[in-house]
Amino acid sequence: MENTGKELTLKLLIDKKSDKVLFGEANKDVVDFIFSLLALPLGAIAKLLKKDAMVGSIGQVYHSLGMLNETYILSKEKISSLVNPTLASTSNTKSNFLLSQSTHQDTKDRRLYVCYNPNYSSRSCRYVSEDPGVSCPNGHGLINTVAMFVPKSDVSSAVAVGSDGNGYVKGVVTYTVMDDLTVVPMSTISSITLLNKFQIKDLGSLEEKMVNIGFEEGLKLLKASLETKAVLTNVFLKKNRASNYA
Ligand SMILES: [Zn+2]
């Protein structure tokens, strides 16, 4: 899958002895992403994770809806808003980047054609069509030039880099993200308190590691957050197990 923006980064503190992530240090962008998981409609989660990868039965509900013949359906638009909640929720500017990227994918699959015929210098013509065989009502010939799609928002704007007005939390502080995705401002607990809590005696067993959160990792985080209390460990350390989250 293509990457439409910069990736989020998270600094992990790993205990090599137990092969566990103790906690991560995250900035506003990562924390906004984690909190925005709560804004995902259940239908979007089912769509993102696919039927067989879903715990529980919501995946089957989603699948059944998609399989229903038009004969049984009252309104295609209503069904579509359930099956493609990405499109239904684009008015939410704080939307999770998993949503905006999959919306981007959907939009890429749908081609729009614009009236663009250099012979008529039709640059300012406003007609577009989904069918490349349609003639422009202004007499410019066929509307058959593939329109270039500009995504509404990429990763960086969807999860609000920089400006404080976007996203959920303020950007001035660093946050501690625990393995179970508990998020606290870093200033409220000291690293020493945390190390005591984890009963780390040998500092030599600790390792810092920077990891990226792109679309793939975002999906894995979403899936792991529904299944385990050891999210960061599962997504970023357990190579074999992590592949189950694909
Ligand atoms: Zn035209």
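**Figure 1. Helix 1 and its burial.** A residue is called buried if 20 or more other C-beta atoms lie within 10 Å of its own. In this predicted model, helix 1 is mostly covered by that criterion, since eight of its nine residues are buried. The buried residues are Lys 28, Asp 29, Val 30, Val 31, Asp 32, Phe 33, Ile 34 and Ser 36, and one of them, Val 30, touches Leu 8, Leu 10 and Ile 213 when residues up to four places away in sequence are not counted.

**Figure 2. The whole protein, as a setting for the close-up views.** The protein has 11 helices and eight strands, and of its 246 residues, 28% count as buried. Among contacts between residues at least 6 apart in sequence, 60% join residues that are at least 24 apart.

**Figure 3. The largest nonpolar core.** This core holds 35 residues, and those that touch the most other members are Leu 12, Val 21, Val 30 and Leu 98. Two or more residues are given to the core by each of several elements, namely strand 1 (8-15), strand 2 (20-26), helix 1 (28-36), helix 2, helix 6 (97-109), strand 6 (175-178), helix 9 (215-225) and helix 10 (231-236).

**Figure 4. Helix 2 and the residue that follows it.** Helix 2, which spans residues 42-49, is mostly covered, with six of its eight residues buried. These buried residues are Gly 43, Ala 44, Ala 46, Lys 47, Leu 48 and Leu 49. Just after the helix comes Lys 50, which takes a positive phi of about 70°.

**Figure 5. The packing of helix 2 against helix 3.** Two packed helices are described by the angle between their axes and the distance between the axes. Helix 2 and helix 3 (residues 58-67) pack at an angle of about 90°, and their axes are 9 Å apart. Angles of 65 to 115 degrees count as roughly perpendicular, and helix 2 and helix 3 are therefore roughly perpendicular to each other. On the side of helix 2 the contact is made by Leu 42, Gly 43, Ala 46 and Lys 47, while helix 3 contributes Ile 58, Gly 59 and Tyr 62. Sorted by class, the residues of this contact are four nonpolar, two polar and one charged.

Figure 6. Three strands form an open sheet in the order 4-3-5, and their pairing is antiparallel. Strand 4 (128-129) and strand 5 (145-146) stand at the edges, each with a single partner strand, so one side of each is left without a neighbour in the sheet. Strand 3, made of residues 113-114, pairs with strand 5 in the antiparallel sense over two bridges, and within this part of the sheet Tyr 113 stands opposite Val 146 of strand 5.

**Figure 7. Strand 6 and its two partners.** Strand 6 pairs with strand 2 in the antiparallel sense over four bridges, and here Tyr 175 of strand 6 is the bridge partner of Ala 26. Strand 6 is also joined by three bridges to strand 7 (residues 183-185), and these two strands run antiparallel; the bridge partner of Thr 176 in strand 7 is Val 184. The hairpin of strand 6 and strand 7 has four residues between the strands, and in this hairpin Leu 181 takes a positive phi near 70°.

Notes: Residues numbered from 1 in each chain as written. Predicted model: local features only at pLDDT ≥ 70, side-chain atom pairs only at ≥ 80, totals over all residues. Buried ≥ 20, exposed ≤ 12 C-beta atoms within 10 Å, placed from the backbone. Core = buried A, V, L, I, M, F, W, Y, C linked by C-beta atoms within 7 Å. Contact = placed C-beta atoms within 7 Å. Axes fitted to C-alpha atoms, helices over the stretch in contact; angles between N-to-C directions. Parallel < 35°, antiparallel > 145°, perpendicular 65-115°, else oblique. Nonpolar A, V, L, I, M, F, W, Y, C, P; charged D, E, K, R; others polar. Pairing = 2+ DSSP bridges.
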